[in-house]
Amino acid sequence: QALSSKPALTFTLGVGLPWLVAITCVAPFWGVMEFLPDVCTCTFHRTLGRPYTTILHGTTFGLGLATIAIFYLLIHRKLGKVSRALSVHQGRRGSRRKDGNFRRVTTMCLAMFLAYLGCYLPFCLVHLLGKIAPASPLVQTAVGNLTWLSTCLNPLLYAGMNPQFRRAYRDLFCGR
């Protein structure tokens with residue numbers, strides 16, 4: 001057996017569990033879904049789904065944000081421990097290069113977190129405040145498309161902030 005069962009289980013849970021949670025959260029709302037031809041999307045009916053859809057939007061945004069924050073903090077903590085252990089092993093307090101790498105990874109994690117926040121917060125606010133101040137179809141479309149921007153920003157942030165990614169992209173596009 002080349003692949004142990006623990007990584008396979010971790011992978012299965014890592015992929016399957018979020019889908020299961022998402023489907024479980026949305027399943028009770030299938031009856032209040034509607035198609036909006038102005039923005040060419042399916043969404044929850046503005047009045048039939050209240051207040052549950054408002055709670056769902058707030059909860060899922062909060063869970064997503066909290067999950068990202070927790071994992072990036074765990075990455076930051078682990079990198080700090082590794083950096084300190086490496087410094088102790090090498091018998092020095094830490095080189096500028098290693099500290100620079102640690103700062104670069106920390107900055108990249110913060111940028112990814114802020115990109116998620118900046119791309120999803122407008123969408124969440126438009127939908128949470130929809131009953132108080134309904135948004136125009138143009139605004140709904142704009143904030144909906146902004147949520148997709150987050151996934152487009154990830155490779156750009158990685159490429160811009162990581163020398164190995166920059167080199168790989170340069171080699172790919174410049175044919176080196």
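The model is a predicted one, with local features needing pLDDT of at least 70 and side-chain atom pairs pLDDT 80 or more, while totals for chains, interfaces and linings use all residues. Residues are numbered from 1 along each chain as its sequence is written, and side-chain values use heavy atoms, leaving out hydrogens and water.

Start with Leu13, which sits in helix α1 (residues 5-26); helices here are DSSP runs of H or I with at least four residues, and strands are runs of E with at least two, numbered from the N terminus. Leu13 is partly exposed at 46% relative accessibility, a label for values between buried (under 20%) and exposed (over 50%), with a 1.4 Å probe and protein chains only.

On to the rings, which pair if their centres lie within 6.5 Å, and count as stacked with planes under 30 degrees apart, edge-to-face over 60 and tilted for the rest. There are two aromatic pairs by this rule. Phe61 and Tyr116 make a stacked pair, because their centres are 6.2 Å apart and their planes are at 10°. That pair ties together helix α2 (residues 52-89) and helix α3 (residues 96-128), with Phe61 and Tyr116 55 residues apart. Phe61 is buried at 13% relative accessible area, and Tyr116 is buried at 13% as well. Ring pairs link Phe61, Tyr116 and Tyr120 into a cluster.

As for strands, β1 (residues 33-36) and β2 (residues 41-44) run antiparallel, joined by four bridges; pairing takes at least two DSSP bridges. Phe35 has Cys42 as its bridge partner in β2. Four residues lie between the strands of this hairpin, and Cys40 in the turn has a positive phi of about 55°.

How values were computed. Phe/Tyr/Trp six-rings, centres within 6.5 Å; stacked < 30°, edge-to-face > 60°.
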